[in-house]
Amino acid sequence: MSGACSPESFGGPLRRTTATLRSAEWLGLAAAPTFAIMALLTGAFGGGKMATICGVASPLGGMVPMYLLMSAFHTAPWLKLIFTRRSADHRP
């Protein structure tokens with residue numbers, strides 16, 4: 001494989017290290033709680049300028065519902081972690 005985007009063009013084969021994979025896992029786990037905290041803070045202190053831009057014509061409009069949806073969409077790593085540990089606990 002040769003060309004501008006080949007692994008060789010970056011100075012050698014692309015390698016995924018354990019540290020890289022672990023940091024990616026932690027980053028994935030950080031998304032859902034971060035968005036949930038942002039929803040709580042926005043609900044408690046107001047949305048600021050973004051709330052004015054987004055408008056409130058719909059009950060689904062605004063920053064709080066958006067942050068809650070983003071939090072819900074980013075729960076997959078948490079569910080994977082929970083079910084992986086749960087299945088590991090039930091192995092003989």
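Me: Where in H1 is the kink, and which proline is it shortly before?
Reply: The kink lies at Ala31, shortly before the proline Pro33, and comes to about 25°. The bend at a residue is the angle between axes fitted to the seven residues ending there and the seven starting there. This is a predicted model, in which local features need pLDDT of at least 70 and side-chain atom pairs count only at pLDDT 80 or more, while totals for chains, interfaces and linings use all residues. Residues are numbered from 1 along each chain as its sequence is written, and side-chain values use heavy atoms, with hydrogens and water left out.

Me: How many residues does H1 have, and what does it reach?
Reply: H1 covers residues 18-45, which is 28 residues, and reaches 40 Å from its first C-alpha to its last. That is close to the 40 Å expected at 1.5 Å a residue, where the expected span is 1.5 Å times one less than the number of residues.

Me: And what follows H1?
Reply: Gly46 follows H1, and its phi is positive, near 90°.

Me: Which residues of H1 are buried?
Reply: They are Leu29, Ala31, Ala32, Phe35, Ala39 and Thr42. Buried means under 20% relative accessible area, with a 1.4 Å probe and protein chains only. These residues pack against helix H3 (63-73) and helix H4 (76-89).

Me: Which residues form the largest nonpolar core?
Reply: Its five residues are Ala31, Phe35, Ala39, Met63 and Tyr67. A nonpolar core is a set of buried Ala, Val, Leu, Ile, Met, Phe, Trp, Tyr and Cys residues joined through side-chain atoms within 4.5 Å. H1 and H3 are the elements that give two or more residues to this core, and H1 gives the most, with three.

Me: What is Tyr67 in contact with, leaving aside neighbours within four places in sequence?
Reply: Tyr67 is in contact with Phe35, Met38, Ala39 and Thr42. Contact means heavy atoms within 4.5 Å.

Me: Changing topic, at what angle do H1 and H4 cross?
Reply: Their axes cross at roughly 115° and come within 8 Å. Gly28, Leu29, Ala32 and Pro33 of H1 make the contact with Pro77, Trp78 and Leu81 of H4. The axes are lines fitted to C-alpha atoms over the stretch in contact, and angles run from 0 to 180 degrees between N-to-C directions.

Me: Last one: how many helices and strands are there in the protein chain?
Reply: There are four helices and zero strands. Helices (H or I, at least four residues) and strands (E, at least two) are DSSP runs, numbered from the N terminus. Of the 92 residues, 13% count as buried.

Key:
Buried < 20%, exposed > 50% of the residue type's maximum accessible area, 1.4 Å probe, protein only.
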